[in-house]
Amino acid sequence: MDAQTFHFVNGSSPLSVSPHHILPQDKRPNLNQPPLLSSVPVIDLMEEPCALVVDKISKACEEYGFFQIINHGVPQELCDRMLAVLTAFFELPPQEKAPFLATTQTQQVKLFNFHVKSDGQKKVSMWSECFAHPWHPLDDILHLLPQNPPQYREVIAEYGKEIYVLMKRLLSLISQGLGLENDCLEMKIGEKPAFRAQGNYYPPWVTGLQVIKDGNWVQVEPIPNAFVINIGDQIQVLSNGRFKSVHHRAVTNKTRKRVSIATFYTPGKDTIIGPIRDLIGEQHPPLYREYSFSEFLEEFFKQEGTRRMVKETFELKV
């Protein structure tokens with residue numbers, strides 16, 4: 001579909017930028033200062049020996065909180081089909097997407113866009129549209145997913161099975177990087193984790209993903225058939241601050257559209273999260289108090305529209 005015919009579900013055309021999409025000048029990203037650093041580490045999961053992969057992942061988690069993986073085992077043609085059906089969904093006419101428009105934060109299947117609070121708490125909508133729903137298992141919610149495009153349900157089900165295997169493998173490698181048993185992080189995240197997928201559609205004007213490191217922005221250069229891994233807040237807390245969760249952003253300029261899908265593996269709401277005991281000692285006192293994941297989510301939604309600092313809410317003063 002041509003960008004000129006694309007419409008957000010709220011009816012605004014990406015080629016006619018309305019005021020509610022425009023940040024005040026002083027709130028916009030400064031793309032010139034400081035200069036962008038080189039990209040995040042790229043790790044080959046097939047590299048031998050496995051201990052070398054563990055070491056590289058551990059260093060990336062300590063220094064960046066983000067890394068890319070190649071030779072991960074998920075077929076390229078499946079990734080291509082996943083992005084194709086997701087793009088086709090976003091480019092449907094607004095009236096076909098409207099039934100998925102979010103009415104509550106807890107809606108299982110929802111179409112929405114993010115916003116930031118500007119001067120006087122005015123909301124400025126982000127230049128993107130997002131579609132979120134569970135990705136594994138799908139049996140109970142498959143009927144809630146789009147019927148158009150026709151292949152959407154089939155493809156997300158196949159994609160979810162592959163991603164589930166990959167995520168368990170990554171959790172094992174990250175656990176080993178902390179000197180823990182292979183299944184430690186998987187066990188700490190709990191027996192009833194939540195699996196959420198979020199598709200993101202950025203109309204023209206978006207250049208790509210950046211993450212922050214040492215106060216500077218790092219461009220995440222796209223690599224064919226690679227996944228970008230963001231370890232997130234829960235692993236920073238579980239690792240007692242050894243591994244880092246950092247802010248990221250998608251920056252706009254006059255380029256082509258960008259489509260991505262993020263798959264989240266999070267604790268269940270009743271799961272208790274806190275520094276793993278084996279990572280606490282006299283030289284490494286706990287940096288965070290324990291909390292239920294539902295408490296984390298409450299704080300997450302409370303900070304909507306801001307540059308979220310959720311894990312910081314649970315820091316202990318040492």
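How exposed is Tyr 164, in terms of relative accessible area? Tyr 164 is partly exposed, with a relative accessible area of 26%. Keep in mind as you read on that this is a predicted model.

## The chain as a whole

The chain has seven helices and 14 strands. It holds 318 residues, and 46% of them are buried.

If you take contacts between residues at least 6 apart in sequence, 74% of them join residues at least 24 apart.

## Cysteines

You will find zero disulfides in the structure. Cys 79 has 11% relative accessibility, so it counts as buried. Cys 184 has 14% relative accessibility and therefore counts as buried too.

## Aromatic pairs

The structure has 15 aromatic pairs. One of them joins Phe 89 and Phe 100, whose ring centres lie 5.6 Å apart; their planes meet at 75°, so this pair is edge-to-face. Phe 89 sits in helix H2 (residues 76-90), while Phe 100 belongs to the loop between helix H3 (94-97) and strand S3 (110-112), so the pair ties together parts that are 11 residues apart in sequence. Phe 89 is buried, at 0% relative accessibility, and Phe 100 is buried as well, at 14%.

Tyr 164, from the opening question, has a ring partner in Phe 195: the two centres are 5.8 Å apart and the planes are at 70°, which means an edge-to-face pair. Here the link is between distant parts of the chain, with Tyr 164 in helix H4 (residues 152-177) and Phe 195 in strand S7 (residues 194-202), 31 residues apart.

## Charges over rings

Lys 213 lies over the face of Tyr 64, at 5.1 Å from the ring centre. For Arg 308, the ring is that of Phe 300, and the distance to the ring centre is 3.6 Å.

## Backbone features to check

Most peptide bonds are trans, and most residues other than glycine have a negative phi.

The bond from Glu 48 to Pro 49 is cis, with omega near -5°. Pro 49 is in the loop between strand S1 (42-44) and helix H1 (50-63). Another cis bond runs from His 136 to Pro 137, with omega near -15°, and Pro 137 is in the loop between strand S6 (129-134) and H4.

Turning to phi, Asn 71 has a positive value of about 50° although it is not a glycine. Asn 71 is placed in the loop between strand S2 (66-70) and H2, and is partly exposed with a relative accessible area of 42%. Asn 225 also has a positive phi, near 55°. Its position is in the loop between strand S9 (216-219) and strand S10 (227-230), and its relative accessibility of 31% makes it partly exposed.

Notes. Residues are numbered from 1 along each chain as its sequence is written. This is a predicted model: local features need pLDDT of at least 70, side-chain atom pairs count only at pLDDT 80 or more; totals for chains, interfaces and linings use all residues. Side-chain values use heavy atoms; hydrogens and water are left out. Helices (H or I, at least four residues) and strands (E, at least two) are DSSP runs, numbered from the N terminus. Buried means under 20% relative accessible area, exposed over 50%, partly exposed in between (1.4 Å probe, protein chains only). Contact means heavy atoms within 4.5 Å. A disulfide is a pair of cysteine sulfur atoms within 2.5 Å. Rings of Phe, Tyr and Trp (its six-membered ring) pair if their centres lie within 6.5 Å; planes under 30 degrees apart count as stacked, over 60 as edge-to-face and the rest as tilted. A charge sits over a ring if NZ of Lys or CZ of Arg is within 6 Å of the ring centre and within 35 degrees of the ring normal.
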